[in-house]
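Thanks for coming. Please have the sequence and the structure open.

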Amino acid sequence: MHGNFGPQEQILWPASVLAGIVMCGAVYQMTRHVSSRCFKCYSMLNNRQKVEWNNRGFSTLHALVAAAVSFYLVMISDLFNEDAHNSIIIDRKSWLSDCMFGVSIGYFLTDLTMIMLYFPSLGGNEYLLHHGLSMYAIGLALLSGKAHMYILMVLFTEITTPFVNLRWYLDVAGQKTCNLYLYNGVALFVGWLVWVFEFSTPRGTTS
């Protein structure tokens with residue numbers, strides 16, 4: 001593996017990882033403060049449930065950012081358009097994909113730390129395996145500068161995370177019988193369909 005460690009990467013990579021960690025911490029605290037003031041059900045949760053409630057706040061934000069950036073780079077920009085560049089697709093990257101990967105590593109590090117601190121309340125061994133493999137794959141793509149398109153395609157699956165989190169929020173708030181719970185389930189299904197149809201044949205799949 002031949003990494004490209006130029007001056008830009010030496011600053012961008014650690015800065016983006018740090019940004020991901022800071023983002024998680026800031027959103028965790030913001031979720032706690034807003035929820036304690038705006039949602040009556042929050043005060044009725046036990047301490048572990050409050051931790052998970054706040055944790056899902058920064059999980060949701062990361063998912064939205066990751067899905068938006070991934071969709072832009074793969075489907076809208078010409079980064080992976082086979083007619084726009086001479087290089088093969090597996091070698092294509094940009095500062096934005098580098099930054100997104102760094103932020104995602106920062107998110108997974110933060111979430112993994114919380115999972116271990118509160119184990120197994122926030123997730124069992126499968127979460128440890130998932131986060132470990134995710135950081136390995138993203139880190140490998142970041143250091144090698146290769147396969148960015150495929151990592152972005154996987155990151156786009158985060159589009160379903162806000163719906164999964166909303167389902168949990170409604171459940172612990174005792175709102176499983178409300179219409180929003182049903183509509184959210186439909187939206188979760190549609191989110192998966194979007195990934196299947198939009199990313200199963202992305203632009204420039206031939207090299």
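Is Tyr 169 buried or exposed? The model is a predicted one, and in it Tyr 169 has a relative accessibility of 16%. The cut-off for buried is under 20%, so Tyr 169 counts as buried.

Let me stay with the aromatic rings. There are nine aromatic pairs in the structure. Take Tyr 42 and Trp 53: their ring centres are 5.7 Å apart and their planes stand at 70 degrees, so this pair is edge-to-face. Where do these two residues sit? Tyr 42 is in the loop between helix H1, residues 7–38, and helix H2, residues 47–76, while Trp 53 is in H2. The pair therefore ties together parts of the chain that are eleven residues apart in sequence. Both Tyr 42 and Trp 53 are buried.

Trp 168 and Tyr 169 make another edge-to-face pair, with 5.6 Å from centre to centre and 70 degrees between the planes. Trp 168 is also buried, because its relative accessibility is 15%.

Next, helix H1. How far apart are its end C-alpha atoms? They are 45 Å apart. With 32 residues at 1.5 Å a residue, H1 should span 46 Å, so the two values agree. Among the buried residues of H1 are Leu 12, Trp 13, Ser 16, Val 17 and Gly 20. Further along, Met 23, Cys 24, Val 27, Tyr 28 and Thr 31 are on that list as well. For those of you new to helices, an α-helix has 3.6 residues a turn, so residues three or four places apart point the same way. The cover over the buried residues of H1 includes H2, helix H3 (95–117) and helix H4 (125–144).

Now the charged residues. Side chains of opposite charge can pair when their charged atoms come close. How many salt bridges does a search of the whole structure find? The search finds four.

One of them is between Glu 9 and Lys 93, where the closest N and O atoms are 3.9 Å apart. Glu 9 is buried, with a relative accessible area of 9%. Lys 93, at 23% relative accessibility, counts as partly exposed.

A second bridge joins Arg 56 to Glu 52, with the closest N and O atoms 2.8 Å apart. Both residues lie in helix H2, four residues apart, which is about one turn of the helix. Arg 56 is buried, with a relative accessible area of 15%, and Glu 52 is buried at 15% too.

Then there is the bridge between Asp 91 and Lys 146, at 2.6 Å from N to O. Asp 91 lies in the loop between H2 and H3, and Lys 146 in the loop between H4 and helix H5 (148–155), so the pair ties together parts that are 55 residues apart in sequence. Both ends are partly exposed: Asp 91 at 32% and Lys 146 at 38%. Elsewhere, salt bridges with shared partners join Glu 9, Lys 93 and Asp 98 into one network.

Finally, the whole chain. What does its secondary structure come to? The count is seven helices and zero strands. An unreviewed UniProt entry lists several residue ranges as "transmembrane region", including 58–80 and 127–143. In the model, residues 58–80 are 83% helix, with end C-alpha atoms 29 Å apart. Residues 127–143 are 100% helix, and there the end C-alpha atoms lie 24 Å apart.

The C-alpha trace spans about 60 × 35 × 30 Å along its principal axes. A compact globule of 207 residues would have a radius of gyration near 17 Å, and the chain has 18 Å, which agrees. Buried residues make up 44% of the chain. Of the contacts with a separation of 6 or more, 73% are between residues 24 or more positions apart.

Technical notes:
Residues numbered from 1 in each chain as written. Predicted model: local features only at pLDDT ≥ 70, side-chain atom pairs only at ≥ 80, totals over all residues. Heavy atoms only, no water. Phe/Tyr/Trp six-rings, centres within 6.5 Å; stacked < 30°, edge-to-face > 60°. Buried < 20%, exposed > 50% of the residue type's maximum accessible area, 1.4 Å probe, protein only. Expected span 1.5 Å × (residues − 1). Contact = heavy atoms within 4.5 Å. Salt bridge = Lys/Arg side-chain N within 4 Å of Asp/Glu carboxyl O. UniProt positions renumbered as here; feature names shortened; annotations may be inferred. Rg over C-alpha atoms; globule rule 2.2 N^0.38 Å.
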